[in-house]
Amino acid sequence: ADRSTSRVKVAGGGRLRSNRMSILKKLGEALGLAPVERFSTAYLAHLLNIIERNPLVTLSNVDMMVETVREIAELVTWGDKHDALITEFFMEKRMLEKLLGFLEPSRRTAKPMKVQILQSLSIFFQNLNNSSLIFYLLSNDHVNELITHRFDFQDEELMAYYISFLKALSLRVNADTVHFFFNARKTPEFPLLTEALKFYNHDDHMVRVAVRTLTLNIYGIEDVGMREYIANRTAVPFFSNIVWEMIRRYRELDSLLTDAMFATSPRETKPIKYSVEKIIQEQIDNFYYINDIMCCGFPALRKILGSRLLHKLVVPMSFESIRANRRGSKKPEDYDEKAHENALSTEPLQLPAALLIAAQTLGSVQDKDLSEFLIRSLFANRDDDPEVYFPQIRTPTARRSHAVNATEGNATEGARPGILVAVRQEVMQESIEMEEKSTRGKPPHSSMDEDAAERGPPNTCRPVILTNLSADEDHAVLMILTCVLAAIQKGSASPAVLEECGLLPTRCRKKRSKEENLQEEGE
């Protein structure tokens with residue numbers, strides 16, 4: 001009897017609590033408080049009510065407002081897949097404008113709220129599929145205003161979410177949406193690209209990777225107006241900065257090799273080895289990025305980047321340094337430390353560093369013209385003319401592009417920390433006039449073509465390479481063999497070029513000879 005009475009009491013208590021909850025829910029709905037069903041337009045209206053009743057976000061309400069924005073993002077993302085009424089309500093009430101209003105300088109919104117807004121927009125662009133909703137988010141130039149908003153990029157967390165937001169945006173750029181990002185009016189603007197480029201040389205590796213991913217996403221879009229803007233306004237200063245930074249790092253590497261000559265104990269050589277390995281890996285990443293750009297199907301960028309790479313890095317830094325080392329590698333007493341402090345110095349590199357440039361270029365970049373020029377310049381009997389492959393671009397912007405890193409102390413207002421000054425907005429807007437040259441009319445090269453073999457002056461790199469193969473310096477020998485291996489394994493170089501330079505393996509040469517004989521017999 002006692003147990004039955006107890007069960008009745010428990011059941012009665014449960015019904016009482018249920019009635020109380022029902023009364024509270026009805027009271028909450030009557031007072032405009034949170035409704036019962038969370039994934040509904042009514043709950044989204046409740047969140048909108050919170051946003052409208054709190055125009056200022058301070059320390060006292062920041063937690064509530066951050067959670068409100070987070071719930072809005074979650075609800076709209078869910079509604080995109082399950083309930084179109086939720087996304088329609090979001091667009092009808094213009095909730096995006098209300099969220100972006102918190103970024104107005106006059107409101108002095110707390111940082112966590114700004115971070116949550118950027119994070120929510122990133123979630124939208126990464127997950128939403130409704131084309132109407134995507135077009136709403138991109139319309140009225142709200143996104144471009146957000147891109148150019150002056151955030152405090154000294155705050156690493158805020159900067160990380162900003163870069164993530166730009167990367168998510170770039171994934172939405174295509175032939176149908178490019179007009180939302182690129183304004184092709186009298187003074188063209190492309191904030192998504194120009195603002196992202198300011199972070200290209202940031203200290204954070206993840207930021208640099210995000211910027212590279214963004215640029216490759218944009219370069220792959222086939223839009224005539226956008227591509228003309230990229231080629232004429234951003235390509236030369238940006239690519240010049242890439243090459244300039246690579247030159248600076250190679251000079252640091254050359255300095256480390258000189259320090260290694262003076263090192264007398266493992267304790268001294270260990271940090272040098274770590275720094276050398278770090279620079280080598282960075283340069284490999286740079287070359288793979290260059291290769292991705294040259295292979296993205298954007299012919300104008302291929303010409304500009306190939307010209308910058310060839311005329312500013314490979315020829316002066318690698319080939320000229322190899323020629324300068326024909327009497328042997330530089331000795332410690334010949335090292336000019338002051339000259340190496342300047343990345344634009346004409347001081348030649350030591351032979352291992354000079355050969356490393358050629359080896360990394362050969363091993364990473366798959367462009368056929370660039371590969372064949374490098375192989376001929378290193379191993380052929382006669383010098384080749386780089387102008388035949390990639391004509392040099394001479395512009396005022398190109399001369400200005402060699403700039404120093406902006407730091408917190410000398411950066412101008414609005415500049416990003418740790419970026420190259422030369423890719424600021426004012427430089428990006430500077431129009432350049434590219435030097436147009438006729439299409440290459442290279443004669444066919446073959447080991448059997450005596451006229452082609454005798455063109456140009458004698459190759460002065462080849463004797464240095466052959467001489468140093470029998471030298472005592474292991475680093476130089478290793479780099480020479482690396483260049484030979486990279487040339488032989490180069491899939492983009494034709495067998496005729498390898499045979500002309502004496503690098504075609506015997507089995508390949510025999511196979512090629514048999515194929516030529518069979519072809520002659522067939523004819």
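Here are legends for several close-up views of a predicted model.

The numbering starts from 1 along each chain as its sequence is written, and side-chain values use heavy atoms, with hydrogens and water left out. Local features need pLDDT of at least 70 and side-chain atom pairs count only at pLDDT 80 or more, while totals for chains, interfaces and linings use all residues.

View 1. Let's start with an open site: the second largest pocket has a volume of about 330 Å³. On a 1 Å grid over the protein atoms alone, a pocket is an open set of points with protein on both sides within 12 Å along at least five of seven lines, whereas a cavity is a set where a 1.4 Å probe fits but cannot get out; lining residues have an atom within 4 Å of a point. Points are joined across faces, edges and corners, and a volume is the space filled by probe spheres set on them. Of the 19 lining residues, Asn201, Arg208, Glu245, Arg249 and Glu282 lie nearest the pocket centre. Two or more lining residues come from each of helix H12 (205-219), helix H13 (224-262) and helix H14 (266-294). Helices here are DSSP runs of H or I with at least four residues, and strands are E runs of at least two, numbered from the N terminus. By class, this lining has four nonpolar, six polar and nine charged residues; Ala, Val, Leu, Ile, Met, Phe, Trp, Tyr, Cys and Pro count as nonpolar, Asp, Glu, Lys and Arg as charged, and the others, Gly among them, as polar.

**View 2. The largest cavity.** How many cavities of 30 Å³ or more does a search of the whole structure find? The search finds one, with a volume of about 40 Å³. Among its lining residues are Leu96, Phe125, His142 and Phe165. Helix H5 (95-100), helix H6 (111-127) and helix H8 (142-147) each supply at least two lining residues, and H8 gives the largest share, three residues. Eight of the lining residues are nonpolar, one is polar and none is charged.

**View 3. Phenylalanine 39 and its neighbours.** This is a view of one of the 19 aromatic pairs found in the whole structure. Rings of Phe, Tyr and Trp (its six-membered ring) pair if their centres lie within 6.5 Å; planes under 30 degrees apart count as stacked, over 60 as edge-to-face and the rest as tilted. The rings of phenylalanine 39 and tryptophan 78 have centres 4.8 Å apart and planes at 40 degrees, so the pair is tilted. Phenylalanine 39 lies in the loop between helix H1 (2-30) and helix H2 (41-53) and tryptophan 78 in helix H3 (residues 62-82), so the pair ties together parts 39 residues apart in sequence. The charged end of arginine 38 also sits over the ring of phenylalanine 39, 5.1 Å from its centre; this term asks for NZ of Lys or CZ of Arg within 6 Å of the ring centre and within 35 degrees of the ring normal.

View 4. The whole structure has zero disulfides, a disulfide being a pair of cysteine sulfur atoms within 2.5 Å. The sulfur of cysteine 295 is 8.2 Å from the closest cysteine sulfur, in cysteine 296, too far for a bond. Cysteine 295 is exposed at 51% relative accessibility, whereas cysteine 461 is buried at 0%. Buried means under 20% relative accessible area, exposed over 50% and partly exposed in between (1.4 Å probe, protein chains only).
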